[in-house]
Amino acid sequence: TLTIIDKALATINAERAARGEPPVDLNAVPFDDAGAYELLNSLNTTAVFQLESRGMRDLIKRLRPDCFDDIVAILALFRPGPLQSGMVDEFIDRKHARGGAEIDYLHPSLEPVLQPTYGVILYQEQVMQIAQVLAGYSLGGADLLRRAMGKKKPEEMAKQRSIFMSGAVERGIDEAQATRIFDLMEKFAGYGFNKSHSAAYALIAYHTAWLKAHYPEAFMAAVMTADMDNTDKLVVLKDDCVKLGLALDPPNVNRSAHAFTVSGPRRISYGLGAIKGVGQAVVEAIVAERADSGEYASLLDLCRRVGPQKLNRRVLEALVRAGALDGLGENRATLLASVPDALRLAEHSARALAGGQGALFGGDDSSDELEHEFPVVREWMKRERLEAEREALGLYLTGHPFEDFANHCRFFTNGPIAGVLNSLPADGGGQGQYQYQARREVTLAGVVMDVRRRGSRVSVVLDDDTDRIEVTLFDEVFAQCKHLIAKDAVLVARGQLRWDDFLGAWRITAQSVRSVDDEIEEHARRLTIRWCAREARPDFVPALKSALKPFTRGRCEVCLKYEGASAEALLTLGDDWAVRPTRELRESLTRMLGEGRFFLHYPKHLVAKSA
């Protein structure tokens, strides 16, 4: 975390220096910054030191910190002892004056000692200070008392009790009150935490929260650079960038560095070093050559200037799949198909230049090779592009595979996952509400992001780009759908919502799981195809006939929305042309017509059901 802070500050201060502004000094940052506490209380604590776990966020939600002492206390309270002893509840009740809770400092002279913790004895240092203030202990003697309380040795405790009582009575403390205070010290000493440790960690936590609140681009770029080898963490950080309103630009050989960098206001450029199979030495060579001689003009230009010794086929293909070569060719499919020829031409050029033969195709320079044109290949469909990105980056960057299904699924599910979860109590709602919610049946859809087997059950995590939910499949249900369960499959799960105390989240116990394609094929009742006479290919009718024919004998009628120069008409084809709207048909129509040129319609009662 200290490295992350250092990298973020280097970025921030370089930009401030370029604008003639003084550098940011974290030691001068005030501890009452509203932005930092607003970020904490919004529970946007991903990458905030020590405060990002689900349990910690729950504690922050209950405690609502508004000062640095509260952050110190949170780090000391989030341990099994305080959580199980009731100390946490008492601390929160006193802070917010709930349930008639009152702050009790035990004795007027102890208010300076216990005021930061609302009268609760939370820290080991407080035990020592109480002994010093009330009973005249030296700090060394108070430390012996602290250790004795921690070890709970009866003979040692009896000795310390006697010393404490004598010192307190000598200073005019009522004996009964002194006994009560010692008993409380003894009780809480077992849970007491070292405040100096908690305060040091709280300082780092506060600084990361402050940086994230005021310089989110620089902070998140530094965090993502630190975790660039951890794909699972990058997925979480990417989602957090979306919540922060930060745009994450794809890697690009003409703009990106090895690390994640700030590319503009609220923009981060994906690091080339986060592409799988692309080593640091290759990235450094690409960046150094770009700095020396300018941007790369084409795939061949890149290969020639960096050299085939460093840019092998595996590296180039990874760069193409990640989108890092966008703009150096017609499209990603063409770039990928051109890699072998580009490497061969670059190697030939290097040998020719080494032998003093000049340019590859003759002439005085090598500009002719930059104009070499590779055969254009049909661009990948969105699904293919996203799958290639995930292969290269470990995540979907420029889109989400569920996008193609979201408009369909709203007709036969209860809506987006986030919409359903946001309508439920975030903590399960208590036992009474839990029993009611457990009977609520829902239908949700998403892409399978993870599959886990736990004893007699299988759990899959569905993601629909709005949120995620875990679905539990017991043996009988799993046996019926195990052929569907695989990463990246798009599934529709029907079952009962239940609150899981262990996960601290809602989950579904599945009653059935189906492929989203089966649901679309079963429910869609009309396929409308746009036929724009001005844009349609000359062989539109025979091409459409060829595309539809293999999928006829279905229940989904086909309509053509004809758009001519002077008239429009809706043409409904006969029953013999009713189709099965399978994924194969939909992809075939997309290749033929392009994106957004056809639509599926569903019965109105399905809409009512999902509302």
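Me: At about what angle does helix α25 run to β8?
Reply: This is a predicted model, in which local features need pLDDT of at least 70 and side-chain atom pairs count only at pLDDT 80 or more, while totals for chains, interfaces and linings use all residues. Residues are numbered from 1 along each chain as its sequence is written, and side-chain values use heavy atoms, with hydrogens and water left out. Helices (H or I, at least four residues) and strands (E, at least two) are DSSP runs, numbered from the N terminus, and axes are lines fitted to C-alpha atoms, for helices over the stretch in contact, with angles from 0 to 180 degrees between N-to-C directions. Helix α25, residues 516-523, lies across β7 and β8, and its angle to β8 is about 60°.

Me: Over how many bridges do β7 and β8 pair?
Reply: Two strands pair if DSSP finds at least two bridges between them. Strand β7 covers residues 490-500 and strand β8 residues 505-515. Gly495 stands opposite Ala510 in β8. The two strands pair in the antiparallel sense, and the number of bridges is 10.

Me: In what order do the five strands close into a barrel?
Reply: The pairing in this barrel is mixed. Its neighbouring strands are turned against each other by 55° on average, direction ignored. The order of the five strands is β4-β5-β6-β8-β7.

Me: Which strands stand at the edges of the open sheet?
Reply: The open sheet has four strands in the order β11-β10-β9-β12, with mixed pairing. Two of them have a single partner strand each, so one side of each is left without a neighbour in the sheet. These edge strands are β11 (568-572) and β12 (598-601).

Me: Which residue stands opposite Ala569 in β11?
Reply: Strand β10, residues 552-563, and β11 pair in the antiparallel sense over five bridges. The residue opposite Ala569 is Tyr562.

Me: At about what angle does helix α26 run to β9?
Reply: Helix α26 takes up residues 540-548 and lies across β9 (526-532) and β10. Its angle to β9 is about 160°.

Me: Are α16 and α18 parallel, perpendicular or oblique to each other?
Reply: Helix α16 (residues 299-306) and helix α18 (residues 332-354) pack with their axes 9 Å apart, at an angle of about 40°. Angles under 35 degrees count as roughly parallel, over 145 as roughly antiparallel, 65 to 115 as roughly perpendicular and the rest as oblique. The two helices are therefore oblique.

Me: Which residues of α8 make the contact with α10?
Reply: The axes of α8 (residues 124-135) and α10 (residues 154-170) come within 8 Å and cross at roughly 45°. Contact means heavy atoms within 4.5 Å. On the α10 side the contact is made by Phe164, Gly167 and Ala168, and on the α8 side by Ile130, Ala131, Leu134 and Ala135.

Me: How many of the 11 residues of α13 are buried?
Reply: Buried means under 20% relative accessible area, exposed over 50% and partly exposed in between (1.4 Å probe, protein chains only). What covers the buried residues of α13 includes α1 (2-18), α12 and α14 (231-243). Helix α13 is largely enclosed by the rest of the structure, because its number of buried residues is 10.

Me: Which residues does Tyr215 touch, not counting residues up to four places away in sequence?
Reply: Tyr215 lies in the loop between α12 (195-214) and α13 (216-226). With those sequence neighbours left out, Tyr215 touches Ile12, Arg16, Val24 and Trp210.
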